[in-house]
Amino acid sequence: MQVRLTTKFTLTAALLVLAVAALLSTIYLSTLARMVIRQADDLARFVAQQTFFQAQQALQEAARQGSGPGSASPEDVREYVRRTLDENEGVTRQVEAAVSYSPGIYEVSIVDRDGTVLISSDSSLPGRQAARRMRLEYLAGSNLLEQLRALYGPQQVFEYSYPFNLGDDAFGEIRVGYSTTLLRSEFSPGLQSAGMLVLGAVLISTLLGALVSRVALAPLQRITVQLDRIAAGQFEAESAAASAVVRRSDEFGQVSTKISQIGQQLRSREEMGLELLLRSRREENER
């Protein structure tokens, strides 16, 4: 099936605008995704730091009251820290409040160096080995496709970890789990806006491309009429539309002028041929 030139121009314009709009939308969405994930990372860091501060306060208060581990063995130190944190109202309130008032926070846990949970906002985790999750920092550094797959795939929990030291000695970590559900809800409006922008740009460019191509190629239609008239042997004066094309100073006007000249030459030759035919007939009649 032959495609008209106006259709080709319209499709070309729409595809060019689509490519530009898609590129700009990709840059916008990539920036937005990183911003949303960075904000989540900052919130998780803040929660971890506040939890660490409360835990340090609890251990210092216990030390002032004369409490301490039964011995310097790692097992006794671990049990002492676990019991102190578990019995401190400030620590437990901080862990529970982080999950209650921050919709994206899925879980807050304090683990020892072996990854065993000491206290957690999830009551089923203490005493169990905590599985490692993908870090929020990794998601922030991923490309847009991987970020979209993580945000719009099955629900996942990413993690921010903060070191939990006892003095100068490494003891464990504070792990803050962040759900992709909230990330998705914060990112979706931007995704919808980008989609509407691309759709609107394509529709407007298609309409404008059709209008511009119709206006720009209108002289070509008139030139086609000129050629049809000449092919039909009509060499008389041109129509007003064709004359308007001839008066143009652009390429269309130049082509139309040459076509008019060809038409005049053919008309002259036709008149000369007719005159010669009439002359020969008169000569025959005179004989």
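Colleague: What makes β1 count as mostly covered?

Modeller: Seven of its eight residues are buried. Buried means under 20% relative accessible area, exposed means over 50%, and partly exposed is in between, with a 1.4 Å probe and protein chains only. Keep in mind that this is a predicted model: local features need pLDDT of at least 70, side-chain atom pairs count only at pLDDT 80 or more, and totals for chains, interfaces and linings use all residues. Residues are numbered from 1 along each chain as its sequence is written, and side-chain values use heavy atoms, with hydrogens and water left out.

Colleague: Okay, and how do you know how many helices and strands there are?

Modeller: DSSP runs decide that: a helix is H or I over at least four residues, a strand is E over at least two, and both are numbered from the N terminus. Here that gives nine helices and four strands.

Colleague: What joins β1 to β4?

Modeller: Seven bridges, with β4 covering residues 169-179, and this pair runs antiparallel too. One example is valine 111, which stands opposite glutamate 173 in β4.

Colleague: Why is aspartate 41 with arginine 45 called a salt bridge?

Modeller: The rule asks for a side-chain nitrogen of Lys or Arg within 4 Å of a carboxyl oxygen of Asp or Glu. The closest N and O atoms of this pair are 2.9 Å apart, so the pair qualifies. Aspartate 41 and arginine 45 are four residues apart in helix α1, which means about one helical turn separates them. Aspartate 41 is at 4% relative accessibility, so it counts as buried. Arginine 45, at 27%, counts as partly exposed. The structure holds 11 salt bridges.

Colleague: Which parts of the chain does the pair of arginine 132 and glutamate 159 link?

Modeller: First, the closest N and O atoms in that salt bridge are 3.0 Å apart. Arginine 132 is in the loop between β2 and α4 (136-141), glutamate 159 is in strand β3, and the pair, 27 residues apart, links distant parts of the chain. Glutamate 159 is at 2% relative accessibility, so it counts as buried. Glutamate 173 and arginine 175 also meet in a salt bridge, at 3.0 Å from N to O, and both are buried. Through shared partners, salt bridges join Glu107, Arg132, Arg133, Glu159, Glu173 and Arg175 into one network.

Colleague: What makes Val20, Leu23, Leu24 and Ile27 a patch?

Modeller: Patch residues have over 30% relative accessible area and no salt bridge; nonpolar side chains (Val, Leu, Ile, Met, Phe, Trp, Tyr) are joined within 5 Å, like charges within 9 Å. These four form a nonpolar patch on the surface with about 390 Å² of accessible area together. Such areas come from the Shrake-Rupley method with a 1.4 Å probe; for residues, only the protein chains shown count as cover. Leucine 24, in helix α1 (residues 5-64), has a relative accessible area of 52%, so it is exposed.

Definitions and conventions. Two strands pair if DSSP finds at least two bridges between them.
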